[in-house]
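Work through the exercises below with the model open. Try each task before you read its solution.

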Amino acid sequence: MSQPAYTVVGTPFSTFTRTITLGLQYKGLEYNQLATPPQTELALENHPFGYLPTLIIHELELEGKRVTQDIKLRESQAIVRFIDRVAPEPSLHMEGGTGGVVLEEKMWEFVSFVASFGFPSMEGGVVKPQVKALDEGKQTDAEVRQSIASGVEQTRKFLALAESLMVNSSDYLFGDHPTWADFFLFPIMADLRMVPEWKEVVSERLVRWMEKMDGLEAVKATKEGTLSVGARP
Ligand SMILES: N[C@@H](CCC(=O)N[C@@H](CS)C(=O)NCC(=O)O)C(=O)O
């Protein structure tokens with residue numbers, strides 16, 4: 001049997017890595033996954049800063065010719081552009097005009113907000129310190145709460161912004177099918193759902209969106225190895 005054309009370098013525990021595997025799964029592209037944490041020898045061999053994910057492209061069609069040299073593509077927003085080019089359907093884009101959102105690019109604005117502001121607030125400010133504290137058991141609840149107070153506040157603000165940008169009364173963030181915006185936000189939210197602060201930062205609307213996302217086959221197929229099933233990197 002021939003090898004899949006793609007290898008994803010990154011543990012399923014990594015939210016940016018899960019964004020990529022969600023997209024590959026949704027578009028029916030086969031891949032192998034090398035489940036390494038960041039900053040390992042393997043991660044550094046594949047990414048100049050040891051970050052996750054890297055997509056290794058083993059073969060592709062270029063101007064009608066099959067190229068079989070391994071190409072390493074880093075940075076999730078570059079990787080999703082490649083995935084879209086080789087597999088445009090099913091689309092993970094928003095059609096302009098959906099729910100009154102005139103510009104298709106608003107979906108990409110959302111993606112960039114999640115990557116630049118949502119990820120540090122939610123993962124760095126709440127999930128990671130809370131999980132570390134729960135695992136180590138050295139701090140009291142009050143101490144943990146105090147250390148993450150500003151992360152919780154930033155998360156609350158970020159989620160209010162996210163909700164204000166969603167298309168009203170639609171199943172997904174930008175309409176009746178998922179987009180890359182859903183696939184960038186969901187892995188972080190699935191982590192956040194595992195910590196006690198979830199209840200105080202999330203709205204009913206976002207809870208309904210999470211339930212909708214939970215039903216996707218791509219979400220089910222990328223769950224193993226994530227915090228949402230109790231895994232560690
Ligand atoms: N700009 C990168 C960010 C990726 C990123 O932050 N990945 C995390 C894992 S989810 C990471 O590798 N962090 C490196 C570290 O913790 O040292 C991208 O979009 O791919």
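**Exercise 1. The largest cavity**

How do the residues of the lining of the largest cavity divide into nonpolar, polar and charged?

*Solution.* The model is a predicted one.

Step 1. List the lining. The largest cavity is lined by Pro12, Phe13, Thr15, Arg18, Pro187, Ala190, Asp191, Thr226 and Ser228.

Step 2. Sort by class. The lining divides into four nonpolar, three polar and two charged residues.

Step 3. Assign elements. Two or more residues each come from α1 and α6 (180-192). The largest share belongs to α6, with three residues.

Step 4. The volume of the largest cavity is about 40 Å³. The structure holds one cavity of 30 Å³ or more.

**Exercise 2. Placing the cavity**

Explain why the largest cavity lies between domain 1 and domain 2.

*Solution.* Look at who supplies the lining. Domain 1 (6-86) gives residues to it, and domain 2 (98-222) does too, so the largest cavity lies between them.

**Exercise 3. The largest pocket**

Find the volume of the largest pocket. Then describe its lining.

*Solution.* 

Step 1. Take the volume. For the largest pocket it is about 690 Å³.

Step 2. Go to the centre. The lining has 27 residues, and those closest to the centre are Ser14, Phe16, Leu52, Phe119 and Lys128.

Step 3. Assign elements. α1 (15-26), α3 (76-86) and α4 (105-136) each give two or more residues to the pocket lining. The most come from α4, which gives eight.

Step 4. Sort by class. The pocket lining has 13 nonpolar, eight polar and six charged residues.

**Exercise 4. The ligand**

Which residues are around the ligand?

*Solution.* 

Step 1. List the surroundings, using a cut-off of 4 Å between a heavy atom of the residue and the ligand. The residues are Ser14, Thr15, Phe16, Pro38, Gln39, Tyr51, Leu52, Pro53, Glu75, Ser76 and Phe119.

Step 2. A backbone N or O atom of Leu52 lies 2.9 Å from an oxygen atom of the ligand.

Step 3. Check the side chains. Glu75 places a polar side-chain atom 2.7 Å from a ligand nitrogen atom. Ser76 has a polar side-chain atom 2.6 Å from an oxygen atom of the ligand.

Step 4. Find the burial. Taken alone, the ligand exposes 510 Å². The protein buries 76% of that.

Technical notes
Residues are numbered from 1 along each chain as its sequence is written. This is a predicted model: local features need pLDDT of at least 70, side-chain atom pairs count only at pLDDT 80 or more; totals for chains, interfaces and linings use all residues. Side-chain values use heavy atoms; hydrogens and water are left out. On a 1 Å grid over the protein atoms alone, a cavity is a set of points where a 1.4 Å probe fits but cannot get out, and a pocket is an open set with protein on both sides within 12 Å along at least five of seven lines; lining residues have an atom within 4 Å of a point. Grid points are joined across faces, edges and corners, and a volume is the space filled by probe spheres set on the points. Helices (H or I, at least four residues) and strands (E, at least two) are DSSP runs, numbered from the N terminus. Ala, Val, Leu, Ile, Met, Phe, Trp, Tyr, Cys and Pro count as nonpolar, Asp, Glu, Lys and Arg as charged, and the others, Gly among them, as polar. A residue is near a molecule or strand if one of its heavy atoms lies within 4 Å of it. A polar contact is a pair of N or O atoms within 3.5 Å; within protein, one must be able to donate a hydrogen and the other to accept it, and residues adjacent in sequence count only if both atoms are side-chain atoms. Accessible areas come from the Shrake-Rupley method with a 1.4 Å probe; for residues, only the protein chains shown count as cover. Domain bounds come from an automatic or database domain assignment.
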